[in-house]
Amino acid sequence: MAAEKRLVILISGRGSNMEAIVRAQIPGATVAAVISNRPDAAGLRFAQQHGIATEVVDHKAFPTRDAFDKMLAERIDHYRPDLVVLAGFMRILGEAFVRRYEGRMMNIHPSLLPAFPGLHTHERAIAEGCRVHGATVHFVTPALDHGPIIIQAAVPVLPEDTPETLAARVLREEHRIYPQAIHWFVEGRISLTPEGRVVVAQARFPDTALHVPATTEREEAHV
Ligand code: GRF
């Protein structure tokens, strides 16, 4: 049997995506460590309770981004990961760090990239009057919230949504698509075209389109 693929998950806070990945018990994958840049990240506790090695590399303890990146890479490499998983990791990583893990580092971003890179994505989607919003798992490249898209999930934006209700709807999808993307990676089904687009071998796709009407009225569902 092939050796299990080793994941190192980086978090900064709540860690619900990390939790979803751990709970998914992805066949062929093992979570070797969870590393946080914040000592108070709530997710660390969940990892510890599940017998996963945890570490803190506190960015505040380093004089430069480069020094932080170097120590972070050292600690990651200690666990010999096949895949580095950014899951709510809120530090911008330098180019050398990103290149080191090229093709084996993923991130999840709470928008349908390339729309809304950066912060406050749910607020911005509402402010723009978007009818659909969602989340994207992508390979990490030096450009922030860019890089080959592996999987996306869309959700409707409802007239009564607040950033919080929309975030919660998106988060449920995040918890579904991140384990899926990792599973594809672990199964060796992800490749890149010469143009740098992701192809997933034998992925099944839903064949329904999501339509969200531009209305503030709610119709009764016809069943
Ligand atoms: C998620 O919405 C993720 O997409 C974004 O930050 C949030 C982290 O949530 N990058 P959690 O720490 O995984 O609960």
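**Overall fold and ligand site of the predicted model**

Because a compact globule of 223 residues would have a radius of gyration near 17 Å, the 18 Å of the chain agrees with that expectation (the radius is taken over C-alpha atoms, and the globule rule is 2.2 Å times the number of residues to the power 0.38). The model is predicted, so that local features need pLDDT of at least 70 and side-chain atom pairs count only at pLDDT 80 or more, whereas totals for chains, interfaces and linings use all residues. Residues are numbered from 1 along each chain as its sequence is written, and side-chain values use heavy atoms, with hydrogens and water left out.

Along the principal axes, the C-alpha atoms of the chain fill a box of roughly 55 × 40 × 40 Å. The chain has six helices and nine strands (DSSP runs of H or I with at least four residues, and of E with at least two, numbered from the N terminus).

The ligand is surrounded by Arg14, Gly15, Ser16, Asn17, Gly88, Ile108, Pro110 and Glu174, each with a heavy atom within 4 Å of the ligand. A backbone N or O atom of Ile108 lies 3.3 Å from a nitrogen atom of the ligand. The protein covers 86% of the 370 Å² of accessible area that the ligand has on its own (Shrake-Rupley method, 1.4 Å probe).

Leu113 and Pro114 are joined by a cis peptide bond with omega of about 10°, while His120, although not a glycine, has a positive phi of about 55°.

Conventions. Polar contact = N/O pair within 3.5 Å; in protein donor to acceptor, adjacent residues only side chain to side chain.
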